[in-house]
Every structure is written in structure tokens, then in C-alpha cells.
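Please keep the sequence and the model in view while reading the numbered points.

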Amino acid sequence: AALPRQWFPKAKGDPKTGQEEESHTCCGCRFPLLVALLQLVLGISITVLGFIMAGISSSLLVRDTPYWAGIIVSVVALVGMVMLCVSYQPEEKTCFQFAIKLVYFLLSTLSLITCVLAVAFVAHHYSKIMQFTCDAVLDSCQCKLETSDPLSRTFVYQDVSDCTSVTGTFSLYLLLQMVLNLITAIVCLLACFVMWKHRYQVFFVGVRLHSLTGTEIQQQKV
């Protein structure tokens, strides 16, 4: 079987080669690299916003401040940037390249699931805050869903002097987290699609090329 075209050096004067390069570039960058850059920017944004949210109240749960989702996405983006910035040579062994691509694909899938979970947790908390009735008690903010019911559950936000930081600022942060995590989930899905669509043959050929012996290559040429 013939090896794919991308494993051989391309001639500078080949017009077809130039058209193929332009079709896979955007603003001078390769399209998969732009996906990894988007993952990095979104991951850092989610992480920073999550830590800011955690600083509003010490009693907030980890699921309500999804900085963990941003950290995972940032790590995935770094793996993708390392993978896409490596120049592939037909003479070099490809087992390491195959492993990096497989790890990037699996981590992108994990990031997709993580971001969807983050959206679900944040959306649930946001829906509750929109129905809260809150009162400031000492250094805490106590909120209830139904003030008329004495047995209604009370949600306490510790180290909060003003309840507007919960019903106003924190709810805005939750909304931003929903939007950012939803966009990041779409970007991670796009990364998985790009890897599966345009890189699947590279996975197979990488392992196969590494396992071929000199005799087998001569037989294929014949």
C-alpha cells in the first residue's frame, strides 16, 4: 500500500501542494493548531474565573466553581500544541507521534465530557439562585427557595457580607461559566472530529511504518 502524501516532503514549486496547504490553513496557521489555541484560551479563562468564584465564599462546593474543567482543557491544549508544532519526517520513528495523537484525542474527549458536566452543575446552581430570597446574617448570606415554608432548606454562603455578591455577581459568573464551558465543549468536539477525520490514517500508518522491515519495503516497491 502506498504511503499517504503527507509523509513525504512537498516540492516548493508544486501548485497542487500550495493549494492543499492553503486549504488547511487559516490566517497563516494550520487549522488544528487554531483549535488547540482556542482550547488554551478558553481553558485559562475558565480556570481564572473559577478561582475568582471560589474567592466569593468559602462554603462553595468544588462543582460550583469549575476551575477543574479549565485546568483539564488547558493541559489538553498544551498536548495538542506540542503535537501540532512537531515537524513530521518520513525517516523518523512514529510510535511517539502516534501516542501523542492518541492521547490528545482521548483527552479532548475527556474534556468534552468534563465541560458538559460543568455546564450541568453550573446551570443547576444558577436556576436555584434565580429563585433565592437571601438575608445577610453576621458574616454569611442565608438564602431560601420558599420563605413561607419554615422547613424549607437554607443555603448558607459563608464569609459574605453583602448578599448582592451572591444574587448578582456570583450569578453573573455562573452564567459566564455556562457560556464558556459550552463553547469549550464545542471546540473539544471539533478537535475530536478533526483528529478522527484528517489524522486517522496517520495513526495507522505511523504504527505500520514503524513495524515495516527493509525487506518488506523492497517487496512493496516491486
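1. A disulfide is taken here as a pair of cysteine sulfur atoms within 2.5 Å. By this rule the count comes to two disulfides. In general terms, a disulfide is a covalent bond between the sulfur atoms of two cysteines.

2. Some conventions apply throughout. The model is predicted, so that local features need pLDDT of at least 70 and side-chain atom pairs count only at pLDDT 80 or more, whereas totals for chains, interfaces and linings use all residues. Residues are numbered from 1 along each chain as its sequence is written, and side-chain values use heavy atoms, with hydrogens and water left out.

3. Overall architecture. The chain contains seven helices and five strands; helices (H or I, at least four residues) and strands (E, at least two) are DSSP runs, numbered from the N terminus. Along the sequence these elements follow the pattern α-β-β-α-α-α-β-β-β-α-α-α. Of the 222 residues, 36% count as buried, where buried means under 20% relative accessible area, exposed means over 50%, and partly exposed lies in between (1.4 Å probe, protein chains only). The chain exposes about 13100 Å², of which carbon and sulfur atoms supply 66%; accessible areas come from the Shrake-Rupley method with a 1.4 Å probe, and for residues only the protein chains shown count as cover.

4. Contacts along the chain. Contact means heavy atoms within 4.5 Å. Among contacts between residues at least 6 apart in sequence, 69% join residues at least 24 apart.

5. The three-stranded sheet. An open sheet has the strand order β3-β4-β5 with antiparallel pairing. Its edge strands are β3 (133-137) and β5 (154-158), each of which pairs on one side only. Neighbouring strands of this sheet are turned by 25 degrees against each other on average, direction ignored; the axes behind this angle are lines fitted to C-alpha atoms, for helices over the stretch in contact, and angles run from 0 to 180 degrees between N-to-C directions. Strands count as paired if DSSP finds at least two bridges between them. Five bridges join β3 to β4 (residues 140-144), and these two strands run antiparallel.

6. C134 and C143 are both buried.

7. The disulfide between C141 and C163. Here the S to S distance is 2.3 Å. The torsion about the S-S bond is about 125 degrees, so this disulfide is right-handed. Because C141 lies in strand β4 and C163 in the loop between β5 and α5, the pair ties together parts that are 22 residues apart in sequence. C141 is buried, at 0% relative accessibility, and C163 is buried at 10%. With bonded cysteines counted along the chain, the disulfides follow the pattern 1-3, 2-4.

8. C115 is buried at 0% relative accessibility. C192 is in no disulfide, the nearest cysteine sulfur, that of C188, being 6.9 Å away.

9. The nonpolar core. The term denotes a set of buried Ala, Val, Leu, Ile, Met, Phe, Trp, Tyr and Cys residues joined through side-chain atoms within 4.5 Å. The largest such core has 35 residues, and those with the most contacts inside it are Y104, I129, F132, C141, Y157 and F170. Two or more residues come from each of α2 (31-54), α3 (67-85), α4, β4, β5 and α5, with α5 giving the most, nine residues. Leaving aside neighbours within four places in sequence, Y104 is in contact with residues including V35, V76, M83 and M195.

10. H125 in helix α4. This histidine is found in α4 (residues 95-129) and is buried, at 6% relative accessibility. Not counting residues up to four places away in sequence, H125 touches L60, D64, Y157, F170 and L174.

11. Two backbone points to inspect. L138, in the loop between β3 and β4, has a positive phi of about 55 degrees although it is not a glycine, and L138 is exposed, with a relative accessible area of 79%. D159 counts as exposed at 53% relative accessibility.
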